[in-house]
Amino acid sequence: MKVLDKLKREFKCNKKGLLFLFGITIIGFLFGVLFITIISESDKLLIKDYVQSFINSIRNNKINLVDNFKNIFFSNFSFILIVWLLGMSVIGIPINIFYYFINSFILGFSITAFILTYKLKGCIFSLIYIIPHSIINLLVFTILIYYTINFSLTLIFAISKKKSINFKTIINQYLKVFIFSFIVIVLTSLYEAFVIPNIMNKLLFIIK
């Protein structure tokens, strides 16, 4: 995997960039976890109803797995496409960082929603709900965001310093990162759509 090898070398040279992104991840995740603790009781009831409805759909085999895959894939694909395109602009950095924050926020929120609904038993379902696909997605999004920031900074530097850049080489590398991200989200979307409901269905006896 040449993309991963190159990324590893770059991260060694730019640890601050990687630490910054992981910092955003932790902050977003914690905000997602804490958000449920500050909302009103009526909103908490809505969250519980949504989670219970999701679990009941799995229990009664009412989830259309194909439609489920389409929705999950479209959501993931929209994220990487928008982030990738924004990375080719000088205004893409703050917007992409915000998208990255929201993604981490949703992850923390989802875990807490299961725990809010099913207490300690919800921990099991929350772990199943995010491992390994959500963790893999988060790593892929981190790679993509890292490259989009570098790409945007390269453009800003070239414009401000009025220097020419080898745009063909940069865009080819940038395109490879997108293709890599696309392949991974296809696999993780398939896993989340078809495998996760079956695993959760087999463990529903825990919350009976």
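K44 is buried, with a relative accessible area of 16%. In this predicted model, the side chain of K44 meets that of E41 in a salt bridge, with a distance of 3.6 Å from N to O.

The protein as a whole contains eight helices and zero strands. Read along the sequence, the pattern is α-α-α-α-α-α-α-α. The protein has 208 residues, of which 40% count as buried. Contacts between residues at least 6 apart in sequence were also examined, and 84% of these join residues at least 24 apart. The protein exposes about 12,100 Å², and carbon and sulfur atoms supply 71% of this area.

The average pLDDT is 86, and 90% of the residues score at least 70. The lowest confidence is found in helix 1, residues 2-13, where the mean is 50. Helix 4, residues 65-86, has the highest, at 94.

Part of the accessible area lies in a nonpolar patch on the surface, formed by I82, V90, I91, I95, F98, Y99, L153, I156 and I159. Together these residues account for about 780 Å² of accessible area. At least two residues of the patch come from helix 5, which spans 92-118, and at least two from helix 7, which spans 133-161. F98, one of the patch residues, is found in helix 5.

Helix 5 also holds S104, a residue with a relative accessibility of 1%. Because this value falls under the 20% cut-off, S104 counts as buried. When its neighbours within four places in sequence are left aside, S104 is in contact with I24, T25, G28, F29 and L138. One of these contacts, L138, falls within the span of helix 7, 133-161. Helix 5 therefore includes both S104, which counts as buried at 1% relative accessibility, and F98, a member of the nonpolar patch on the surface.

How values were computed: Residues numbered from 1 in each chain as written. Predicted model: local features only at pLDDT ≥ 70, side-chain atom pairs only at ≥ 80, totals over all residues. Heavy atoms only, no water. Patch = residues over 30% accessible without salt bridge, like charges linked within 9 Å, V, L, I, M, F, W, Y side chains within 5 Å. Areas by Shrake-Rupley, 256 points an atom, 1.4 Å probe, with all protein chains shown as cover. Salt bridge = Lys/Arg side-chain N within 4 Å of Asp/Glu carboxyl O. Helix = DSSP H or I, 4+ residues; strand = E, 2+ residues; numbered from the N terminus. Buried < 20%, exposed > 50% of the residue type's maximum accessible area, 1.4 Å probe, protein only. Contact = heavy atoms within 4.5 Å. pLDDT = per-residue confidence, 0-100.
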